[in-house]
Amino acid sequence: RLAVPRRSLFEGADTTPETLRGTHRANPLSVLAEAIKMASGLVVLVAFGLARDFFAGDLLALAKLALAAVGIFAVCLLLSFAVWRARTWELTDEGVRLCWGLGWGPFSRRSLTVPYEHIHTVSMNSSLLDRIFGLMALDLDTGAAASEGDASKISGLRAGEAEALRAELFRRRRVAGGRAPAGEKNVSADDAPSSSEEPLAVFSLEGRELALAAASQMSAGSQAIALVALLVNGANQLIEWGLLDVVGRGDELMAGLSPMIVPVVLAFLALALLLGAAVSFVVNLVRYAGYRVERYADRVVVEHGLLSRSSRTLATGRVQYVAVRQGIIRQLIGYAEVTAQVVSAPGEKDGVPSGSVLLHPFIRLGEVDAFLAEVLPDCSGVLGHVELGKLGPVARRRAVVRAVIWWPFATAIFLGAQWLFGLSGLLESAGWLLEPLLIAAGVLSVVLLVGLIVDALSAWGAARYGHTARELVLITGGLTRLTVIAPRVRLQRMEVRANPFQRRTGVATLSARTAASDTDGLELRDLPADAASALLAWFRPRA
């Protein structure tokens, strides 16, 4: 059920329309949940500070930690109760009214009204601790400045209450916009919400597809670097605590390891990559588990996540463009990830741009058009019919030059650092550490140079540009390939620019912008100047 949920994991007891009327506070259980969240981090910091006494065998440190934990939790419980008492929400005729503040001293009472028609997306999230208490939060995104912060968030909702509130928000948004979906009569904001609305299309991942999606999105390298950094920090902390004594013994240790230094380093790197791949696979599996997307008349609901659950609802009329992304593994097997870009506050959520909404994590490239026809019809029927142009040989040469132009400067810096180390005597006193690091840096720079050249050639070979009567299509990227479908009505600006070197070779850079803050994939370098001018002419307003 977690891998392929037949129903939303957020669903709970039904909520009647009457329960949404009036002024509301979060569920009282949220006081305890928030207190635990606040206290846990502080208790960990205290435990970390007492770690040296623990390892020294001081049992009194355990009593100190227990007393500190009780005191911290009591203070956090009072703060959590004060926040719970001060925050309220209410559905009014104009929008959602959120109030916070104690109303005395510096904690003045404040309120924020979010108009229904300005809501672009509604994110419904539940962390692992919140799921234990059966709570979740709604985050209303209007695309306004990031200064709104938590002011536009409604926390501490029960499952049925959160689902009913989300459906009611989009119903009132539809009413405020003055239109209703096909087959539905226009209603007023006071009419009871319909509980019988069924999705027009539903997609999910089977168990095998879920495993392949997690495996094909692995980032073993970045996870391995994180593990190595964690190991180094841990060793450094043990040295500071006096539990690991290597000060002044560097030459002795390296003399003992020198006969086997190469096999040990290679084995360590292989183990780090293996562990990184395993961690990445598990993280992706937990992230994609329970994936489900439902399309309604005016919105799309995407839900996924095993431990920390996430469900985002976006208004279909607010989608700025669709992006089809392929990593190197997915390029080889013919699969892709499909996301929709919406207007959102700048920043990131869960490591991805806040305006990026995952539509499908793992789909065959040939099935993207059919999927979009069911989920976002306005962006469908493009990939199989658009005529795309390629970049010329000039673009290939310029791409390779951009990839290697840093090499002479990096080599000069590397040789200069080596000379300074020798001049200052560091190579003699700490040669056991600096020499392996310098060799590793030289090897990594060569590997990086080769990788950048391969990526530049791959990006040149894959780059495409074109348009239909209503959509702009750009394909960019090498090892990570990105295909963007941008409706012409969503493009706010298109620019063609050329520096002196580009003008000399007859190429230009095309960049487009939408209302979304993220512009990834909306720029293409070194396409023929006449093709760039043709795209600019296509974009210009027509009578």
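Analyst: Buried means under 20% relative accessible area, exposed means over 50%, and partly exposed lies in between (1.4 Å probe, protein chains only). This is a predicted model: local features need pLDDT of at least 70, side-chain atom pairs count only at pLDDT 80 or more, and totals for chains, interfaces and linings use all residues. Residues are numbered from 1 along each chain as its sequence is written, and side-chain values use heavy atoms, with hydrogens and water left out.

User: Is Val 404 buried, exposed or partly exposed?

Analyst: Val 404 belongs to helix α12 (residues 393-404). Helices here are DSSP runs of H or I with at least four residues, strands are runs of E with at least two, and both are numbered from the N terminus. The relative accessible area of Val 404 is 26%, so the class is partly exposed.

User: Which residues does Val 404 touch, not counting residues up to four places away in sequence?

Analyst: Touching is contact, meaning heavy atoms within 4.5 Å. Leu 448 is 44 residues from Val 404 along the chain, and their C-alpha atoms are separated by 9.9 Å. With residues up to four places away left out, Val 404 touches Leu 449 and Ile 453.

User: Is Gly 389 buried or exposed?

Analyst: Gly 389 sits in strand β17 (residues 388-390). Apart from residues up to four places away in sequence, Gly 389 touches Ala 463, Arg 464 and Tyr 465. Its relative accessible area is 18%, so Gly 389 is buried.

User: How far apart in space are Gly 389 and His 467, C-alpha to C-alpha?

Analyst: Start with the sequence: Gly 389 and His 467 are 78 residues apart. In space, C-alpha to C-alpha, the distance is 9.8 Å.

User: How much of the chain counts as buried?

Analyst: The chain has 17 helices and 23 strands. Among contacts with a separation of 6 or more, 61% join residues 24 or more positions apart. Of the 543 residues, the share that counts as buried is 37%.

User: At what angle do the axes of helix α1 and helix α3 cross?

Analyst: Two packed helices are described by the angle between their axes and the distance between the axes. For helix α1 (residues 29-49) and helix α3 (residues 60-86), the axes come within 8 Å. They cross at roughly 145 degrees.

User: How many nonpolar residues are in the contact of α1 with α3?

Analyst: The contact residues include Leu 32, Ala 39 and Val 46 of α1, with Ile 72, Phe 73 and Trp 84 of α3 among their counterparts. Ala, Val, Leu, Ile, Met, Phe, Trp, Tyr, Cys and Pro count as nonpolar, Asp, Glu, Lys and Arg as charged, and the others, Gly among them, as polar. The contact has two polar residues, one charged residue, and a nonpolar count of 20.

User: Which residue in β23 is the bridge partner of Ser 511?

Analyst: Strand β22 (residues 507-513) is mostly covered, with six of its seven residues buried. Five bridges join strand β21 (residues 493-497) to β22, where Ser 511 is the partner of Glu 495. β22 also pairs with strand β23 (residues 523-528), antiparallel, over four bridges. There, the bridge partner of Ser 511 is Glu 523.

Note on methods. Axes are lines fitted to C-alpha atoms, for helices over the stretch in contact, and angles run from 0 to 180 degrees between N-to-C directions. Two strands pair if DSSP finds at least two bridges between them.
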